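Please keep the sequence and the 3D view at hand while reading.

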Amino acid sequence: LDMPESVLVRFRGKMQPGITLRDLVNAIPYAAIRQGTLTVGKQGKKNVFNGRILEIEGLPDLKVEQAFEFADASAERSANGCTVRLNKEPIAEYLRSNAALLENMIANGYQDARTLQRRIDQVNAWLNDPQLLQPDADAEYAHVLEIDLNEIREPLVACPNDPDDIQPLSAVAGDKVDEVFIGSCMTNIGHYRAAAKVLGDAGSIPTRLWIAPPTRMDEAELREEGAYAVFGRIGARTEIPGCSLCMGNQARVADKATVFSTSTRNFDNRMGKDARVYLGSAELAAVCARLGRVPTVEEYLEMISDKIPPGGGNIYRYLNFDQMPQYIPKKVIPILEAE
């Protein structure tokens, strides 16, 4: 190509207390806005990501599920695609889990078994000789965006109603919140554990809280662990796993409601007629649900540090199907007749 077709986003430094990956997702458009390569207004809009590949570096030890948060949100940047440069270890962990799930599907009669088995064979072949694509040392980019993690000290949220309109939490603190949605493909099982921790000792909450994990497997594990008991006790509405409010043509929030959501986008009237929708992390969403308003930075950090241990403990572990007995196909041992 005559012109480079990728935008490189390079993270450096260390994540600060209370900052989540969703804040780093929002940090990408926020940094571009501050740099002048992205504008919020539609008239004469600038968008350095438009039609280009978004390449993300500097977070090599993310789990694949975490990396998906960045790839998923690249659509909101109008990018043509997204890559996240990871080490081999998290990719191998994910593929081992995926192969176990596929084996379970075959054992339970999913079709086509031959197609699923070919996928398993390809996964195992890579695991035996793991090779990853690497950028050329002299690669040229249409633009390079450097983001210093040390400088992100408060959550970043998308404001009503534009996923590009990113502001720090301190700029929107105090806004009343009517409804909260924790769901969509931007979430994974760890987000629901974290929300349950934040809400665990709450009494009745002043908001309407919607819970919709992305898969039935997430739902089953969260029920087993007791997170759903927390959601039920505080009166949350638990939806069938899937898109729910994020889709915009399934469930709907009340007209003119102010909503804090973990979903991918917040376009006008998507979640509800004349609704005002913020986008941010599940952790911040849970705090909003508990308070009925957007918290101050101090309130948020105090609640998160009190409810979620440093590093998250086991809260952010993922579904490793190769380590879960209910997903490992039972071996059939033939019974030999006595001679």
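**The largest pocket**

In this predicted model, the largest pocket holds about 850 Å³ of space. Its lining is made up of 35 residues, of which M15, I19, T20, G311 and Y316 are the closest to the centre of the pocket.

- Sorted by class, the lining of the largest pocket consists of 16 nonpolar, 14 polar and 5 charged residues.

- The largest cavity has a volume of about 70 Å³, and the residues that line the largest cavity are R22, V25, N26, A73, E76, R77, A158, P163, M186, T264 and L279.
- Helix α1, which covers residues 21-35, supplies the largest share of the lining of the largest cavity, with 3 residues.
- By class, 6 nonpolar, 2 polar and 3 charged residues form the lining of the largest cavity.
- The lining of the second largest cavity divides by class into 5 nonpolar, 2 polar and 3 charged residues.

**Packing of α6 with α9**

- Helix α6 (residues 189-199) and helix α9 (residues 282-291) have axes that come within 9 Å and cross at roughly 30°.
- The two helices α6 and α9 are therefore roughly parallel to each other, and α6 passes α9 in a right-handed crossing.
- On the side of α6 the contact is made by H191, A194, A195, V198 and L199, while on the side of α9 it is made by A282, E283, A286, V287, A289 and R290.
- In terms of class, the contact of α6 with α9 comprises 8 nonpolar, 1 polar and 2 charged residues.

**Packing of α6 with α7**

- The axes of α6 and helix α7 (residues 216-225) come within 10 Å and cross at roughly 30°, which makes α6 roughly parallel to α7.
- The crossing of α6 and α7 is right-handed, and the contact is made by I189, Y192 and R193 of α6 together with D218, E221, L222 and E225 of α7.
- When the residues in the contact of α6 with α7 are sorted by class, 3 are nonpolar, none is polar and 4 are charged.

**Packing of α1 with α2**

- Helices α1 and α2 pack at an angle of about 30° with their axes 10 Å apart, which makes α1 roughly parallel to α2.
- The crossing of α1 and α2 is right-handed, and in the contact L21, R22, L24, V25 and I28 of α1 meet Q66, E69, F70 and A73 of α2.
- By class, the contact of α1 with α2 contains 6 nonpolar, 1 polar and 2 charged residues.
- Residues R22, V25 and A73 take part in the contact of α1 with α2, and R22, V25 and A73 are also among the residues that line the largest cavity.

**Backbone details to check**

- The peptide bond that runs from Q111 to D112 is cis, with omega near 0°, and D112 has its place in the loop between α3 and α4 (113-128).
- P160 and N161 are likewise joined by a cis peptide bond, with omega about -15°, and N161 is found in the loop between β5 (156-158) and β6 (166-168).
- K256, a residue other than glycine, has a positive phi near 65°, and K256 has its place in the loop between β9 (237-238) and β10 (258-261).

Note on methods:
Residues numbered from 1 in each chain as written. Predicted model: local features only at pLDDT ≥ 70, side-chain atom pairs only at ≥ 80, totals over all residues. Heavy atoms only, no water. 1 Å grid on protein atoms, 1.4 Å probe; cavity = no way out; pocket = protein on both sides within 12 Å on 5 of 7 lines; lining within 4 Å. Points joined across faces, edges and corners; volume = space filled by probe spheres on them. Helix = DSSP H or I, 4+ residues; strand = E, 2+ residues; numbered from the N terminus. Nonpolar A, V, L, I, M, F, W, Y, C, P; charged D, E, K, R; others polar. Axes fitted to C-alpha atoms, helices over the stretch in contact; angles between N-to-C directions. Parallel < 35°, antiparallel > 145°, perpendicular 65-115°, else oblique. Left-handed = near helix turned anticlockwise from the far one by under 90°. Contact = heavy atoms within 4.5 Å.
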